[in-house]
Amino acid sequence: MKAEDLALIADEIRRCQLCPLHRGRIKAVPGEGSSNAKLIFIGEAPGAEEDRQGRPFVGAAGKLLNDAMAGAGIRREDVFITNVIKCRPPGNREPKPEEVEACQIYLKRQMDIINPRFVCLLGNTAIKALLGSPRPGMRGKSFEKNGRIYFPTIHPAAAIYNPRLKLVLEIHLSRLKGLLDSQS
Ligand code: URA
């Protein structure tokens, strides 16, 4: 069963010591959502609130993501939400390449199990980890690769103090919902 396989990976992540980030965590954040999701959201790494709760996107960036999803008609319970990195980097610094490398195995296994048709990449760390160096103009557009449709967009944290970027995120997620609907 997909849900049980995901739960086993989540247990491994909570015990993981593959990189030094485990030493500073309160809780690892494996990700959450539907094991049958057609759409997965991938962010960068847990922030302070996520580290406290052990759940992805439950702080200020999460509120923006929730609002943009709701505006686009995407229900959180229908998708899977996770991060490239499962433990909080100190002071929310950008994850180091070796941390991304060490954590990659978990995201790969989650993707193999869920097998989503759509992959929404929230910000540069997720874009880099899954598609390589971000290219100008790629955000808000879809790319087909190995049977999946990748949809890079901005990181919700970038929109916290910037209403223009909040609108960009909302427009992108509405476009993504249109693609989802056109394929179901
Ligand atoms: N930022 C992320 O990239 N992920 C989270 O889960 C929260 C904030």
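1. The shell around the ligand has three nonpolar, three polar and two charged residues. Gly counts as polar here, while Ala, Phe and Pro are among the nonpolar types and Glu among the charged ones. The residues that surround the ligand are G43, E44, A45, E50, P56, F57, N83 and H155, each with a heavy atom within 4 Å of it.

2. This is a predicted model, in which local features need pLDDT of at least 70, side-chain atom pairs count only at pLDDT 80 or more, and totals for chains, interfaces and linings use all residues. Numbering starts from 1 along each chain as its sequence is written, and side-chain values use heavy atoms, with hydrogens and water left out.

3. Polar contacts come next (pairs of N or O atoms within 3.5 Å). A backbone N or O atom of E44 lies 2.8 Å from a ligand oxygen. The side chain of H155 places an N or O atom 2.7 Å from an oxygen atom of the ligand. N83 has a polar side-chain atom 2.7 Å from a ligand nitrogen. The protein buries 92% of the 240 Å² that the ligand exposes when taken alone (Shrake-Rupley method, 1.4 Å probe).

4. The protein chain has six helices and six strands (DSSP runs: H or I of at least four residues, E of at least two). From the N terminus, the order is α-β-β-α-α-β-α-β-α-β-β-α. The radius of gyration is 15 Å, close to the 16 Å of the globule rule for 184 residues, so the chain is as compact as a globular protein of that length. That radius is taken over C-alpha atoms, and the rule is 2.2 Å times the number of residues to the power 0.38.

Conventions. A polar contact is a pair of N or O atoms within 3.5 Å; within protein, one must be able to donate a hydrogen and the other to accept it, and residues adjacent in sequence count only if both atoms are side-chain atoms.
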